[in-house]
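Let's take a friendly walk through the charged side-chain pairs of this protein. Have a look at the sequence and the fold before reading on.

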Amino acid sequence: MKSNWKLLALMALLSSVITLAAYNLLGFNNRDVILNEASPIQQITGRLASMPGGPSAAPGDFSTAAEAVTPMVVHIRTTMTRTVRQQQVPDIFREFFGDEFGGGQRQPRRQQGQASGSGVIISKDGYIVTNNHVVQDADEVEVIMTDKRSFKAKVIGTDPLTDLAVIKVEANNLPAITLGDSDALKLGEWVLAVGYPLDLESTVTAGIVSAKGRRIGILDQNISKTDAKPDSPVEAFIQTDAAINPGNSGGALVNLRGELVGINSAIASATGYYSGYGFAVPVSLVKKVSADLLKYGNVQRGYIGILPIELNSTVAKEKGAKIGRGIYVESVVEKGAAEAAGLKKGDVIVKMEGQPLDSDAQMREIIGRRRPGDVVNVTVNRDGTERDFKVELRNRNGGRDVIKKSDVTAANTSLSTLGASFEELSAQEAKQLGVTGGVRVKKITDGKLAETDIEEGFIIVKANGKNVKTTKDLQAIMSTVKEGEGLMLIGMYPNSSRMYYYAVPV
C-alpha cells in the first residue's frame with residue numbers, strides 16, 4: 001500500500017514539473033512571449049483509481065483554484081468618446097421658423113463615457129487577453145491589479161469575429177495563468193468564473209459545464225455588411241451556469257486545477273443580468289487568436305471553401321443525404337481548398353481531425369484554430385461510403401501565405417468606418433435628380449460621417465473627384481485612401497438643387 005502511495009506522489013510531482021516546463025514561445029518584435037501551458041492530465045487506472053483520496057466526481061474544495069487564479073485576473077476600465085448627433089428639427093418647423101429654430105446649428109456633440117470589464121494575464125511581461133467588446137473604440141485603457149496597482153494599457157490587437165483582444169501593460173514578473181485544455185472539458189465538470197462583475201472587486205462564482213460548442217448568434221453583429229466577402233464569426237462557446245454578469249466579460253473560466261479553459265464573453269438573460277447561462281470562448285481558440293495577434297498583428301484564418309449546411313433528419317431528407325448527422329456540402333468554392341482536395345457537392349462531412357462532426361459551430365472552431373497552409377483531415381460520407389481527404393486550408397485570397405496586417409488594414413478601410421448605411425439610387429430616382437447615379441446615406445450611426453454636418457438622405461455623386469454610382473464605387477475609392485488622408489464627398493439633398501461639399505476625416 002505504501003508503495004502505491006509513493007507511486008501516486010511521484011506521478012503528481014512529475015505532472016507538476018511537466019506543467020511548469022510546458023511553455024509555448026511566440027516570436028514578437030524579436031522577443032519571446034512566454035505562455036504557460038498545462039500538460040495533458042494522465043488518467044490513473046487500476047487499483048490507484050479506487051484508492052481513498054483518488055479522483056472523484058465530487059466537487060471538492062474550490063478555494064485552492066480560486067486563491068491561485070484571482071491575482072491573474074485584472075479589472076479593465078476604458079474611456080471612450082462617441083459622437084452624438086442632436087435630433088433634427090422636422091422640416092415643417094424649419095419651413096416656418098427657419099434653420100435657427102430649436103437651438104441653432106444641430107452640430108454633432110462629443111460625449112465621453114466609461115465602461116468596465118475583466119482580463120486575464122497570459123504572460124509575466126504584461127500581455128493580457130480580454131474580450132474585443134471590452135476595449136473596442138476605447139481612447140484609454142486602464143488595468144487594475146488585485147493588489148490595487150494601476151497601469152495604462154496598449155491595445156495590441158483585436159478580433160471581432162471571436163470577440164477576443166490582447167492588450168499590454170509595462171510590467172514584469174506578473175502572475176501568469178496556465179492555459180488548460182478546453183477539449184478535455186466534460187459536461188457536468190465544475191468550473192469557476194473569475195472577474196469583476198458590476199464594477200465590484202474580484203469575484204469568484206462556481207458552476208458546471210452545461211454544454212460545449214454553443215452558437216448563440218451574438219457575434220453576427222460584428223460582420224461587415226459592406227464587405228464583398230464577409231467572414232463568419234467563430235462561435236463555439238462553453239456554456240456554464242456559473243453566475244456571470246456585466247463586467248465579467250474578458251474574465252477567466254477555469255477548472256478546479258486553476259487552468260484557464262475559457263474567456264467569459266456573454267450571458268443569456270432576459271434582463272441583461274445573470275438569470276441562467278454564461279458563455280465563454282474556449283481556450284483552444286484563445287491560444288490561436290492571441291498567438292496570431294502577438295506574432296502577426298492580425299488573425300490568420302484558414303478557409304475550407306465550402307457552403308455548409310448542418311444536417312438534421314428533416315434537412316437530410318430534403319437533400320437526399322444517406323445519413324442524418326454531419327455537415328452537408330451544398331457547394332464548393334471554385335479553386336478553393338475543398339475542391340482541390342476532391343470534395344464535391346452532396347458530400348457529408350462526418351469527421352474532422354478525427355472528431356465526429358455534428359454542428360457547423362464545431363467545424364468552424366476546428367478550422368478557426370488553424371492557419372492557411374495547415375492540413376485538416378476530413379472524413380466524408382459520399383453515397384453511403386466513408387472516404388478520407390486531406391484538405392490544405394487557403395487564405396482569404398485563395399493562397400497559402402500569411403496575410404500581413406497592413407494588407408488587412410487597407411482592405412478594412414471600408415464603408416463600415418464611415419459609420420453609416422447606404423443604398424444606391426434607382427434609375428428613376430437618378431433621372432429625376434438629373435444625375436447618372438449616386439449613393440444615398442440611409443442612416444448615420446457612430447463613425448466618421450457623424451463627425452461632419454452630413455445629414456441622412458444626402459446623395460453622394462462624387463468622392464475624391466471620382467464619380468460614384470454604386471456602393472461598390474464608393475468602396476473602391478475608400479480602399480485607396482491612406483491613413484491620415486481625407487475623403488471629399490460631393491452630392492446633394494433630394495429637395496435642393498444645390499451641390500454640397502463635405503470633407504470627411506479618414
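Are R301 and D159 buried or exposed? In this predicted model, R301 is buried, and D159 is buried as well. Their side chains form a salt bridge, with the closest N and O atoms 2.6 Å apart. The two residues come from distant parts of the chain: R301 sits in the loop between α5 and β16, D159 belongs to strand β7, and 142 residues separate them.

A search of the whole structure finds 21 salt bridges. Here are three of them, including the pair just described:

| Salt bridge | N to O distance |
|---|---|
| E37 and K287 | 3.1 Å |
| R301 and D159 | 2.6 Å |
| R382 and D347 | 2.8 Å |

Let's turn to E37 and K287, whose side chains meet in a salt bridge. E37 is in strand β2 (residues 31–37) and K287 is in helix α5 (residues 283–295), so this pair ties together parts that lie 250 residues apart in sequence. K287 is partly exposed, at a relative accessible area of 23%.

Next comes the salt bridge of R382 with D347. Strand β20 (residues 375–382) holds R382, while D347 is in the loop between α7 and β18, so the contact ties together parts 35 residues apart in sequence. R382 counts as buried at 12% relative accessibility, because the cut-off for buried is under 20%. D347 is buried too, with a relative accessible area of 2%.

Finally, there is a network to look for: D183, E365 and R369 are joined by salt bridges that share partners.

How values were computed: Residues are numbered from 1 along each chain as its sequence is written. This is a predicted model: local features need pLDDT of at least 70, side-chain atom pairs count only at pLDDT 80 or more; totals for chains, interfaces and linings use all residues. Side-chain values use heavy atoms; hydrogens and water are left out. A salt bridge is a side-chain nitrogen of Lys or Arg within 4 Å of a carboxyl oxygen of Asp or Glu. Helices (H or I, at least four residues) and strands (E, at least two) are DSSP runs, numbered from the N terminus. Buried means under 20% relative accessible area, exposed over 50%, partly exposed in between (1.4 Å probe, protein chains only).
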